[in-house]
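User: I would like to learn how to read domains, contacts and cores in a model. Please take me through one.

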Amino acid sequence: MKRKVSTLTSLVAGALLATSVAAETELTVYTAVEAEDLARYAATFNEANPDIKINWVRDSTGIITAKLLAERDNPQADVVWGLAATSLLLLKSEGMLEAYAPMGVEKLDAKFVDGDNPPAWVGMDAWVASVCYNTVEAEKAGLTPPTSWQDLTDPQYAGHVIMPNPNSSGTGFLDVSSWLQIFGKDGGWEYMDALHNNIARYTHSGSKPCKLAAAGEIPIGISFAFRGAKSKAAGAPLEIIVPSEGVGWDMEATAIVAGTANLEAAQKLVDFTVTLGANEMYNTGYAVVAYPGVAKPVEHFPTNLLDKMIDNDFEFAANNRAEILKEWQSRYDGKSDPK
Amino acid sequence: MSTPSTNITSMPPGPVIKSKLSRDDIVMRGGMVVIALYLIVTLAFPLYAMLSKSFSTYRFELSQYEMQVSDQDGVFDGTVLNPVDLNAATGAFEDADFSAGSDSRLAVTKLFPDFSFRSPVMYQIRNAQPGGRFLVGSTLHDDMEWLTLDSNSFRRVQLRPVKSTGVDNFVNYFSTPALFNSVKNSLVIAVISTVVTVTLAFWFAYALNRSCMRFKGVFRLIAMAPILVPSLLPGIALVYLFGNQGMLKELLFGASIYGPIGIVIGSVFFTFPHAFLIISTALAISDARLYEAAVSLRASPWRTFWTVTIPSARYGLISAGFVVFNLVITDFGLPKVIGGQFNMLAVDIYKQVIGQQNFEMGAVVSVVLIVPAIFAFALDRYVQSKQVATLSARSVPFQPSPNAKMDRIFLIYSSLIGLFIVGILAVCQFAALVKFWPYDLSLSLNNYQFDKMDGGGWNSYYNSIKLGLLTAVIGTSVIFFGAYLVEKSNGFRVGRSLFQMIAMLPMAIPGMVLGLAYIFFFNNPANPLNVIYGTMAILVISAVTHFYTVSHLTAVTALKQMDREFESVSASLKQPTMKLFTRVTVPVCLPAVLDISIYLFVNALTTVSAVVFLYSPKTSLASIAVLNMDDAGDIAPAAAMGMMIFYTNAGARIIHLILSKGVLRRTQAWRAR
């Protein structure tokens with residue numbers, strides 16, 4: 001009996017000791033990274049930092065952004081890990097980000113780091129616009145593969161192109177802002193006017209055009225390369241075309257939320273996100289990552305993608321977003337309305 | 001003669017006689033107040049929050065800033081420029097340019113006509129009042145210090161708007177053609193769908209009630225099937241039937257299913273059972289004597305139809321029309337899936353809120369959407385109140401007589417309708433089982449691996465079941481108890497009629513509007529109820545409130561059949577009312593209680609609109625998964641999940657049927673003699 005008690009005491013003491021040794025810091029991390037990747041990311045981080053526990057809050061880009069903005073005066077997140085840079089710029093312009101230069105940030109491609117010093121956010125990987133081209137359906141319709149954005153305005157593609165609506169899809173906005181940068185403001189709208197004549201319809205989400213192309217519902221879907229590669233791997237008769245003028249892109253990035261109570265742990269996490277190991281981890285899904293020389297080719301990914309990425313002006317995109325979307329809506333929304 | 005009256009008036013007023021409140025009365029009134037409070041907190045307050053949000057606007061206030069410009073050598077002479085004056089001098093911005101959204105920015109260089117980013121002129125800017133905000137690039141400045149910038153940096157200055165109130169949002173809405181068009185689109189689609197559905201449902205109900213065709217039971221069962229699936233499901237089936245890779249796309253002769261055609265066909269599918277039920281009830285009761293009179297007056301069948309049948313069913317037809325109209329105009333799932341570029345009001349709310357995070361504009365569209373919904377609801381109530389009993393005690397029930405030719409025509413017609421309904425469901429099931437439509441038609445269960453898709457995986461399915469059960473149990477208890485209190489308590493007339501009125505309100509409020517109102521009300525950190533935001537509790541509350549009215553009416557109808565004598569008897573036996581409620585009322589009304597539960601369960605599983613703004617990653621639902629998987633382009637898994645909802649609801653129906661039968665035998669034996 002006595003022995004039993006002592007075992008019990010030692011067990012309790014052991015348990016107490018264990019908790020005090022681990023003295024875990026818990027970080028609330030907001031993210032838009034695909035759910036299936038999160039566990040892997042946390043596990044890799046914990047190999048080096050076993051004393052910091054990550055509590056994920058995951059949702060789609062738009063919703064996480066809205067959530068962060070709604071909590072502006074009473075932030076719940078410690079760190080944002082894996083959210084579109086355009087969204088982080090919005091947060092930055094609300095003064096919600098804690099500027100911090102993580103250890104080793106100088107090794108990253110400058111394109112992937114916020115221009116301020118110290119940077120408010122650092123990039124992880126890029127998702128790049130591309131055209132998904134269904135070879136089987138295109139042949140049935142007698143189409144020739146386009147090689148450039150301009151090609152897509154050719155009358156032969158009338159009714160054969162689908163793209164995401166920039167008002168509801170980040171990918172759609174990335175396309176529109178890239179055209180305005182490639183062709184200039186007037187040229188960009190002229191281009192979209194011409195393209196609009198060929199568009200069958202605009203979808204709400206950015207991945208749907210490519211999935212519709214994969215399913216043969218439409219021959220050409222303007223989407224992003226990552227989605228196309230996935231559908232191609234699933235057996236869809238797809239060609240992923242990178243238009244010759246260059247393609248728009250956005251990146252997933254990391255930032256510390258201003259006012260966090262766990263600044264030290266948050267900095268450790270951001271330090272980790274720029275390491276070589278972390279970038280290798282991003283590379284499993286993304287062909288373009290922030291750390292130069294890391295990226296190994298991803299299966300079915302177009303090889304010339306990196307060269308074709310435009311010199312994206314994120315500040316332009318963020319500061320003109322409201323105006324561009326309003327203009328777009330007044331020009332193209334409600335396509336099927338009788339004229 | 002006048003003496004007695006003088007006498008009476010001159011008499012001192014006697015004490016006002018007031019019946020004493022018994023403890024029971026207090027308990028019942030207390031209960032009623034609690035449930036009324038529930039409805040006020042979950043309905044009136046959120047709607048008020050939404051209304052005030054629709055008037056919350058953002059504006060650029062130039063008076064909040066001050067600027068200075070240097071000479072060519074970069075020396076400031078200390079003159080402080082007020083941007084309001086600058087704008088008055090240059091006319092750079094018109095008043096309309098100052099109305100903004102929460103995310104708007106305004107570049108300031110237009111205020112300086114001779115601005116050039118190459119010039120050596122320096123600029124200074126500061127917030128003249130606390131609360132002013134501007135950006136340089138994307139760096140926020142909200143203090144009141146002067147900031148000195150060279151021309152090239154000054155180019156990057158963006159003013160941020162401040163909050164104010166006004167009708168700007170509504171002005172903005174009605175001056176944006178793309179948005180305003182949706183009003184017209186929604187009305188047109190709703191009217192067309194109503195006419196088509198009511199016509200089809202009328203002949204179907206007519207065939208079932210007034211002909212001697214065979215298989216009536218089967219047809220009745222099939223007609224009710226669409227109630228068991230979310231409204232998006234027919235949209236998904238139509239993509240497989242008439243999309244560009246559709247099995248039957250030639251039938252459309254080149255027209256696109258994405259747009260009005262698809263929305264109308266899908267709407268007919270999902271509103272059919274509602275219209276059929278109402279019209280069928282109206283046709284079921286009829287007076288055979290009128291038909292005998294018509295025959296003896298040698299009226300042709302056609303004339304009899306127009307002068308006897310239609311007038312006696314007119315209230316049912318009108319009611320069905322309003323119900324269908326309301327369902328179509330407030331539905332969001334179907335036009336989202338099959339609407340293509342054809343904008344409808346309910347989809348606009350979703351686009352504004354989820355796509356653009358423009359909550360203010362979402363609130364404006366909601367207010368616009370409430371108007372036709374409430375109008376249709378009020379009109380229906382008005383027409384119903386005009387209804388008088390057509391069936392008197394002397395009526396003779398109409399019995400259809402066999403007519404080989406007509407019966408065959410009706411059988412063919414009903415089979416076509418049945419084929420349409422079964423066909424839509426079968427296509428979805430087929431699509432869910434095909435490996436990779438249209439390139440690999442081998443069968444597989446790949447599309448059931450929900451955990452690999454966006455949408456919450458199998459968890460969302462289990463969450464849905466949980467929501468359905470919780471809504472059924474909690475909702476039935478609250479609603480039935482509330483109906484009992486209103487129906488059986490004594491006195492307190494004002495309170496009771498007020499309660500009846502509040503209980504009718506949820507029917508007029510579209511689910512999406514309720515959901516959006518909940519964001520504004522419950523997601524406010526200052527609200528002590530904020531804790532339920534993002535939990536299962538808010539989903540249950542929203543479902544119970546959204547489906548309150550029909551359940552309440554069912555309960556009231558059942559309770560009206562019980563004589564108030566029960567209460568008097570129990571009072572004279574000195575039994576507390578609550579004992580009567582649990583020992584007598586509930587068992588007697590058990591069929592109605594079960595009906596309410598199954599109604600709540602099925603609707604909690606199929607609704608998208610009431611929960612689309614309220615689910616969180618942890619409480620994702622099956623119906624939402626259908627929406628999100630379709631949105632991401634995973635159409636086959638969306639169909640698979642939709643069919644899971646169908647099977648679950650069908651199973652629940654069967655259990656309900658068995659339970660009802662057993663319960664009826666045990667508790668309703670006294671009804672049989």
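User: How is chain B divided into domains?

Analyst: Domain bounds come from an automatic or database domain assignment. For chain B they give domain 1 (23-41 + 455-671), domain 2 (60-163) and domain 3 (187-387 + 397-441). This is a predicted model: local features need pLDDT of at least 70, side-chain atom pairs count only at pLDDT 80 or more, and totals for chains, interfaces and linings use all residues. Residues are numbered from 1 along each chain as its sequence is written, while chains are lettered from A and ligands numbered from 1 in the order in which they are written.

User: How far apart are the C-alpha centres of domain 1 and domain 3 of chain B, and how many residues does the contact take from each?

Analyst: The centres lie 25 Å apart. Two residues are in contact if their C-beta atoms, placed from the backbone, lie within 7 Å. Here 29 residues come from domain 1 of chain B and 33 residues from domain 3 of chain B.

User: Which element gives the most to the domain 1 side?

Analyst: Helices (H or I, at least four residues) and strands (E, at least two) are DSSP runs, numbered from the N terminus. α25(B) gives the most, with 11 residues. Other elements giving two or more residues include α17 (493-508) and α23 (590-606) of chain B.

User: What is the makeup of that side?

Analyst: Ala, Val, Leu, Ile, Met, Phe, Trp, Tyr, Cys and Pro count as nonpolar, Asp, Glu, Lys and Arg as charged, and the others, Gly among them, as polar. The domain 1 side has 22 nonpolar, 6 polar and 1 charged.

User: How many residues of chain B are in contact with chain A, and how do they divide?

Analyst: 40 residues of chain B touch 42 residues of chain A. The chain B side divides into 13 nonpolar, 20 polar and 7 charged. Its largest share, 3 residues, comes from α13(B).

User: Which residues have the most contacts inside the largest nonpolar core?

Analyst: In soluble globular proteins, nonpolar side chains tend to be buried together. A nonpolar core is a set of buried Ala, Val, Leu, Ile, Met, Phe, Trp, Tyr and Cys residues joined through C-beta atoms within 7 Å. Buried means 20 or more other C-beta atoms within 10 Å of the residue's own, placed from the backbone. The largest core has 274 residues, and A:V79, B:I236, B:I279, B:C428 and B:L516 have the most contacts inside it. Helix α9 (residues 260-284) of chain B gives the most to this core, with 13 residues.

Notes: Buried ≥ 20, exposed ≤ 12 C-beta atoms within 10 Å, placed from the backbone.
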